[in-house]
4 protein chains.
Amino acid sequence: MTNKIFCLNDALGYVELVCTSGTDKTVVDAARVSHNNDDRSKDATDLRDRKLIQYLADHKHTSPFEHVVFTFIVKCPLFIARQWMRHRTWSYNEISGRYTEMDVEYYTPLKEHIGTQGTANKQARYLGYGEGWGGAADRIRDAYANATGAYYDLLDNEVPREVARMVLPLGLYTRFYATVDLNNLIKFVGLRDHEGAQWEIQQYARAVAKLAAKECPISVSALLGEHNYE
Amino acid sequence: MTNKIFCLNDALGYVELVCTSGTDKTVVDAARVSHNNDDRSKDATDLRDRKLIQYLADHKHTSPFEHVVFTFIVKCPLFIARQWMRHRTWSYNEISGRYTEMDVEYYTPLKEHIGTQGTANKQARYLGYGEGWGGAADRIRDAYANATGAYYDLLDNEVPREVARMVLPLGLYTRFYATVDLNNLIKFVGLRDHEGAQWEIQQYARAVAKLAAKECPISVSALLGEHNYE
Amino acid sequence: MTNKIFCLNDALGYVELVCTSGTDKTVVDAARVSHNNDDRSKDATDLRDRKLIQYLADHKHTSPFEHVVFTFIVKCPLFIARQWMRHRTWSYNEISGRYTEMDVEYYTPLKEHIGTQGTANKQARYLGYGEGWGGAADRIRDAYANATGAYYDLLDNEVPREVARMVLPLGLYTRFYATVDLNNLIKFVGLRDHEGAQWEIQQYARAVAKLAAKECPISVSALLGEHNYE
Amino acid sequence: MTNKIFCLNDALGYVELVCTSGTDKTVVDAARVSHNNDDRSKDATDLRDRKLIQYLADHKHTSPFEHVVFTFIVKCPLFIARQWMRHRTWSYNEISGRYTEMDVEYYTPLKEHIGTQGTANKQARYLGYGEGWGGAADRIRDAYANATGAYYDLLDNEVPREVARMVLPLGLYTRFYATVDLNNLIKFVGLRDHEGAQWEIQQYARAVAKLAAKECPISVSALLGEHNYE
């Protein structure tokens, strides 16, 4: 499906574009209201429009980009959802471990994505630098299996779901609706498709950027010019 | 045009719906993610969906309504724009009196909408209560004409637009793009289509509600049940 | 310490008030600017001020309460932090499992707070209704111990902290700075010190309300009248 | 009074700092929670703290600055208030022309601040470039006087205040409470103490920066290094 991009190695995590409002043309129409122009009779963008979008991006006139809006469904591990939801301009609706039993699906990184702890830079994770611990993935999966066992023991004994989930690990997959405007989408991508961000959320940020670029190629290119999200 | 509603007496002020994302079905889809359901294969809403929307509205579970988004163009007097833009969850792009010469179009209320100043309730404006001053509309128009004269004198003498506009009155029409999600649209309507609000913004709030009700009739009815915006 | 309230049964979780700006008097001063009054020469609130605050609360004129601001330090389990941070008007800074090794401190509910899963109401947790599973707390602690073992095994083998933490459970304690204005603090308390909220976050919401009530007793009482947070 | 800065030429417009929460030390305390440190026993900032604040500023880690909050009273012309209130992260309470009769105080720029309209750059106002129209200030004052006359005629005839104010010009002074955190204060200053902004709001932005710099000199200097706001 063209509106859905799988992000990690396990065919579980994805970003799917559900609906959208506005286009590159909406951005220029909104910007031109400043000059009391109304060009809506014209359907497509032309060279002058593309120059205007580049001008808006270069001069950080970001407000016209807020009239373009995207709604996604995201499936990702809890530790990524926690990073994502720190972005407070998005709207969210997430699966609730209070209302429903969680699917016990977990994320385990591939060996080449586990890497080793940086020492100089305290937050760095060196990928493909040396070998890393061969037993890491198995140790993670073993811990997940133990958590699953505890979760089901608790549920089988009528412990409330909201209590039982306390044993579930941050590698568990969750799923949520997420709506954001193009200006704030770009801020998210700029912070999260960045070498300082955790490798896994970089994959999600890139998927978000690619899906947005399909809808608003001129704006995304103007705002995130150094990258290529086509 | 069906997506444009004129709001005042002068065929100048209006609200126009430009684009929109999501429907009543998006609200229920987003709400059901809490229970890990995905009903998107079904296109239309059914009785169960309508009950869910009513439940969400009754229990103030407002987050699913944030995945529905509307973009409007609004033309209104400055004193209304000032009230509107206190709503900080909307995105705005407005005509700029710095970048362009303003059209000198003004709002003058009809005699029956001018009313008289309340005394017990300090903010009240009594409409149709007694006669009101017969000369009011003319006095207002006269003041507007004087301001227009000053504005043009200043522009004709190369005074910068951003300085010249200081003489323009709050009755001047402005125009802006405005984007908002359904949850915050409803909060706006609740506060502004309210007897405590100024009569003129009540007309705009009602237009906003009617345009939203065309797109999401079930949600708007559930959230604003006491009114009828069809 | 009077500005710190322990919230759960384990002497670990707490809410601490770090600093604050504004008082009940600030609320009335901000409200009176609407009428072009400036009463700041008077230090304390009087009966007229208290009536004004009650009027503001009763008529949902909430903006004057936004000029009072609180900064807290919160230590709570991850599943509570996740609920808390859905409140997007707060500012947060949290301990990072990427930058530092997490303290392996976990929350285990007392037997009388575990309860049993509701059946009619899908999200309910019945406390003190029947006995609940006697083995629950031990099973939870056992799961936590297993997660701790895995976490240290991974760290000992130089697996990056941001990978190793994937095995840590939602019962793990985290700690964060949290700043909010009084209006949005009250909205938080209204939603979270509520029978529909999880029992544990109710305890935190009550602590937040009590600490705010010490600083602004009149406002908190006016806004949350049905409760007593003294 | 040291917490009040007059901004324009007329001893009317000002920014006054009313109350504040947090200091430079709060910024570093909040930042250090990421590393699970708690340095609050130390009162003052030291060299290590200053380096941390510079690091946060350089790497756009802006969230720790949100735990410092300022409340101002601002008196400014309406056209500035309209620019200011487009900043949606501030909290506002403004004098209401519905509730009370407005003081008829207006802003008239000095001759050397009126300037001439730019032609190449459509929004530019050239100050001290050529002479400008000698009659401008008188023409503006004359327009203000006419508006005042109309306003009082309407009020004298019991036209409601909210209607009568429609004749009042954008040069009228208004007054409002405004609360903001340090991160968003800095964004405001960056956009408004900028050559692309209107000359008058630049004066206000500078006053805001100076008042903030008194409270948090290290943070303001780190975030706005190119300027000197001492």
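**Exercise 1. Which way do the residues of strand S4 (residues 91-94) of chain A point, and are they buried or exposed?**

Solution. Keep in mind that you're working with a predicted model.

- Step 1: sort the side chains by direction. Ser91(A) and Asn93(A) go one way from S4(A), while Tyr92(A) and Glu94(A) go the other way.
- Step 2: check burial. The cut-off is 20 or more other C-beta atoms within 10 Å, and all four of these residues, Ser91(A), Tyr92(A), Asn93(A) and Glu94(A), come out buried.

**Exercise 2. Where does S4 sit in the sheet of chain A?**

Solution. 

- Step 1: write down the strand order. The open sheet has five strands, ordered S1-S2-S3-S7-S4 in chain A, with antiparallel pairing.
- Step 2: look at the ends. S4 and strand S1 (4-6) of chain A are at the edges with a single partner strand each, so each has one side without a neighbour in the sheet.
- Step 3: Ignoring direction, neighbouring strands here are turned by 20 degrees against each other on average.

**Exercise 3. What surrounds strand S7 (residues 173-181) of chain A?** Start from its pairing with S4(A).

Solution. 

- Step 1: take the S4(A) side. S4(A) and S7(A) pair in the antiparallel sense over four bridges, and Asn93(A) stands opposite Tyr177(A).
- Step 2: take the S3 side. Strand S3 (residues 69-77) of chain A runs antiparallel to S7(A), joined to it by nine bridges. Here Ile73(A) is the residue opposite Tyr177(A).
- Step 3: bring in the helix. Helix H7 (residues 182-192) of chain A lies across S3 and S7 of chain A, and runs at about 130 degrees to S7(A).

**Exercise 4. How is chain A divided into domains?**

Solution. 

- Step 1: read off the bounds. Domain 1 takes 4-94 + 173-223, and domain 2 takes 111-167.
- Step 2: get the separation. In chain A, the C-alpha centres of domain 1 and domain 2 are 31 Å apart.

**Exercise 5. How are chains A and B related, and through which surface do they meet?** Work from the superposition of chain B on chain A.

Solution. 

- Step 3: find the axis. Ser21(B) has the C-alpha nearest to it in chain B, 2.4 Å away.
- Step 4: compare the surfaces. Since 100% of the interface residues of chain B are also interface residues in chain A, the copies meet through the same surface.
- Step 5: go through the contributions. The contact uses 31 residues from chain B and 31 residues from chain A. On the chain B side, S7(B) gives the most, with five residues. By class, that side has eleven nonpolar, 15 polar and five charged residues.

**Exercise 6. What makes up the side of chain C that touches chain A?**

Solution. 

- Step 1: size it up. Chain C puts in 44 residues and chain A puts in 44 residues.
- Step 2: list the elements. Helix H3 (78-84), strand S5 (116-117), helix H5 (136-156) and helix H6 (161-164) of chain C supply at least two residues each. H5(C) has the largest share, ten residues.

Definitions and conventions: Residues are numbered from 1 along each chain as its sequence is written. Chains are lettered from A and ligands numbered from 1 in the order in which they are written. This is a predicted model: local features need pLDDT of at least 70, side-chain atom pairs count only at pLDDT 80 or more; totals for chains, interfaces and linings use all residues. Two residues are in contact if their C-beta atoms, placed from the backbone, lie within 7 Å. Copies are superposed by least squares on the C-alpha atoms of residues with pLDDT of at least 70 in both. Ala, Val, Leu, Ile, Met, Phe, Trp, Tyr, Cys and Pro count as nonpolar, Asp, Glu, Lys and Arg as charged, and the others, Gly among them, as polar. A residue is buried if 20 or more other C-beta atoms lie within 10 Å of its own, exposed if 12 or fewer, and partly exposed in between; C-beta atoms are placed from the backbone. Two strands pair if DSSP finds at least two bridges between them. Axes are lines fitted to C-alpha atoms, for helices over the stretch in contact, and angles run from 0 to 180 degrees between N-to-C directions. Domain bounds come from an automatic or database domain assignment.
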